[in-house]
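User: Hi! Could you walk me through a few features of this one? I'd like to begin with charged pairs.

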Amino acid sequence: MQRRGNANSASVGTRLIAFLWDYVIISGYIILLIGISAVIRPWLKPLFTTSPLLAESSGFLFITLPVYLYFALCEGSAAHATWGKRKMGIVVTGTNGKSIGLGTSILRSALKFAPWELAHFTIWHMVIPTEYPDSLIYSLLGTVYGLVLIYLISPLLNPKKRTVYDFIAGTVIRYKD
């Protein structure tokens with residue numbers, strides 16, 4: 001595999017393609033959820049119509065948590081990579097090139113998915129009546145867009161192609177040796 005950038009750090013393009021491969025798994029999981037929810041809709045409906053907090057918590061348990069755990073457990077495992085990263089020949093390591101372990105992987109994944117979960121929280125408070133003022137909800141939505149923009153731009157601004165959550169967690173995505 002051709003190495004680019006600083007000390008075999010994975011390119012942004014390689015990382016993007018790895019995520020698209022992982023999205024195949026995520027999409028399969030979502031299709032499975034849609035199929036199951038069609039069958040058990042009467043039991044699910046109250047979870048998503050009663051209150052914003054219940055809806056957000058249910059969404060977290062059914063969607064965010066499994067995806068979060070997929071990334072955290074795979075990248076914190078001996079493989080140091082999700083299925084998509086393995087297909088692209090890249091791994092998550094510490095900045096020293098060593099294994100990050102499960103704790104760091106959990107932190108990295110939590111930071112990575114924070115904007116996604118904040119978006120869910122905000123949307124549920126937009127859809128279901130809430131006591132929060134509109135100004136707070138729109139500020140949170142703006143924060144989501146700001147974080148996503150920062151997450152997307154940050155790997156373009158440093159030689160090791162690290163995202164903000166990589167900097168905070170002390171990780172880097174490298175081509176596998």
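User: What do the side chains of D166 and R108 do?

Analyst: In this predicted model, they meet in a salt bridge, with 2.7 Å from N to O. D166 lies in helix 7 and R108 in helix 5, so the pair ties together parts that are 58 residues apart in sequence.

User: Are D166 and R108 buried or exposed?

Analyst: Both D166 and R108 are buried.

User: And which residue does R15 meet in a salt bridge?

Analyst: The partner of R15 is D166, at 3.0 Å from N to O. R15 sits in helix 1 (residues 12–39) and D166 in helix 7, 151 residues apart. Both of these residues are buried too.

User: How many salt bridges are there?

Analyst: The count comes to four. One of them joins the side chains of E75 and K85 at 2.6 Å, N to O. A network of salt bridges links R15, E75, K85, R108 and D166.

User: Switching to packing: at what angle do the axes of helix 3 and helix 5 cross?

Analyst: Roughly 155°, and the axes come within 9 Å. An angle over 145 degrees counts as roughly antiparallel, so that is how helix 3 runs relative to helix 5. Their crossing is right-handed.

User: Nice. Which residues form a nonpolar patch on the surface?

Analyst: V148, L149, L152, I153, L156 and L157 do, with about 600 Å² of accessible area together.

User: Where is L157 placed, and why is L157 called exposed?

Analyst: L157 is in the loop between helix 6 (134–153) and helix 7 (164–169). L157 counts as exposed because its relative accessible area is 69%, and the cut-off is over 50%.

Methods: Residues are numbered from 1 along each chain as its sequence is written. This is a predicted model: local features need pLDDT of at least 70, side-chain atom pairs count only at pLDDT 80 or more; totals for chains, interfaces and linings use all residues. Side-chain values use heavy atoms; hydrogens and water are left out. Patches are made of residues with over 30% relative accessible area and no salt bridge: like charges are joined within 9 Å, nonpolar side chains (Val, Leu, Ile, Met, Phe, Trp, Tyr) within 5 Å. Accessible areas come from the Shrake-Rupley method with a 1.4 Å probe; for residues, only the protein chains shown count as cover. Helices (H or I, at least four residues) and strands (E, at least two) are DSSP runs, numbered from the N terminus. Buried means under 20% relative accessible area, exposed over 50%, partly exposed in between (1.4 Å probe, protein chains only). Axes are lines fitted to C-alpha atoms, for helices over the stretch in contact, and angles run from 0 to 180 degrees between N-to-C directions. Angles under 35 degrees count as roughly parallel, over 145 as roughly antiparallel, 65 to 115 as roughly perpendicular and the rest as oblique. A crossing is left-handed if the near helix is turned anticlockwise from the far one by less than a right angle, and right-handed if clockwise.
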